[in-house]
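Please read them with the structure open.

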Amino acid sequence: MLVVEDDPDVASGLTSILEAEGVETSLVTSGSEAMNRAAEFQPDAMLIDIGLPDMSGIELAKLIKRRKRSQDVPLLFLTAHLLEERDVLQGYGVGAVDYLSKPINPDILRSKVAVFLDLFKKTRALAELNQALEKAGRVADFL
């Protein structure tokens, strides 16, 4: 999981909670670092702070979702502020699957991350199976 959080204390807490659950994490502190890291490997999910120093979490989500390789990655937003309904809708509109409010409740974080990681892994496995079946169908057409 790629964690995008600029507050060192929050970042440390998030990674500690996730790693205690066996979730491999990679931590970055800005949107540009997140884009670079997401280009290096495809994370199974991303936990993104809405208020980053170089761009908003919404802007980062738009960039992540434009890339074919990362367009299906679940995005969970972190926010320290109460959001207006339009802000929440904007987040969902750019691909967020959920929001978490700071301070983070560790049990809620663990639960949500487990669900979204499992869903993404199943979605990826189905896509790979579908590609294999399509390829097998093309091979059968030649026989």
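Where is the place of Glu5?

1. Glu5 sits in the loop between β1 (2-4) and α1. Glu5 counts as buried because its relative accessibility is 1% (buried means under 20% relative accessible area, exposed over 50%, partly exposed in between, with a 1.4 Å probe and protein chains only). The Glu5 side chain makes a polar contact with the side chain of Lys102, at 2.9 Å. A polar contact here is a pair of N or O atoms within 3.5 Å; within protein, one must be able to donate a hydrogen and the other to accept it, and residues adjacent in sequence count only if both atoms are side-chain atoms.

2. On the source: this is a predicted model, in which local features need pLDDT of at least 70 and side-chain atom pairs count only at pLDDT 80 or more, while totals for chains, interfaces and linings use all residues. Residues are numbered from 1 along each chain as its sequence is written, and side-chain values use heavy atoms, with hydrogens and water left out.

3. Overall, the protein has five helices and five strands, taken as DSSP runs numbered from the N terminus (helices H or I, at least four residues; strands E, at least two). Along the sequence they follow the pattern β-α-β-α-β-α-β-α-β-α. The C-alpha trace spans about 60 × 30 × 30 Å along its principal axes. Of the 143 residues, 39% count as buried.

4. Helix α1 covers residues 8-20; at 1.5 Å a residue its 13 residues should span 18 Å, and the end C-alpha atoms are 18 Å apart, which agrees. The expected span is 1.5 Å times one less than the number of residues. Ala11, Leu14, Thr15, Ile17 and Leu18 are the buried residues of α1. Seen down the helix axis, they fall within an arc of 160°, so they line one face; the arc is that of the directions from the axis to the C-beta atoms. Pro8, Asp9 and Ala20, on the other side of α1, are exposed.

5. At the ends of α1, Asp7 caps the N-terminal end, with a side-chain oxygen 2.8 Å from the backbone nitrogen of Asp9. Just after the helix, Gly22 takes a positive phi of about 85°.

6. Leu126 lies in helix α5 (residues 106-142). Leu126 counts as exposed because its relative accessibility is 58%.
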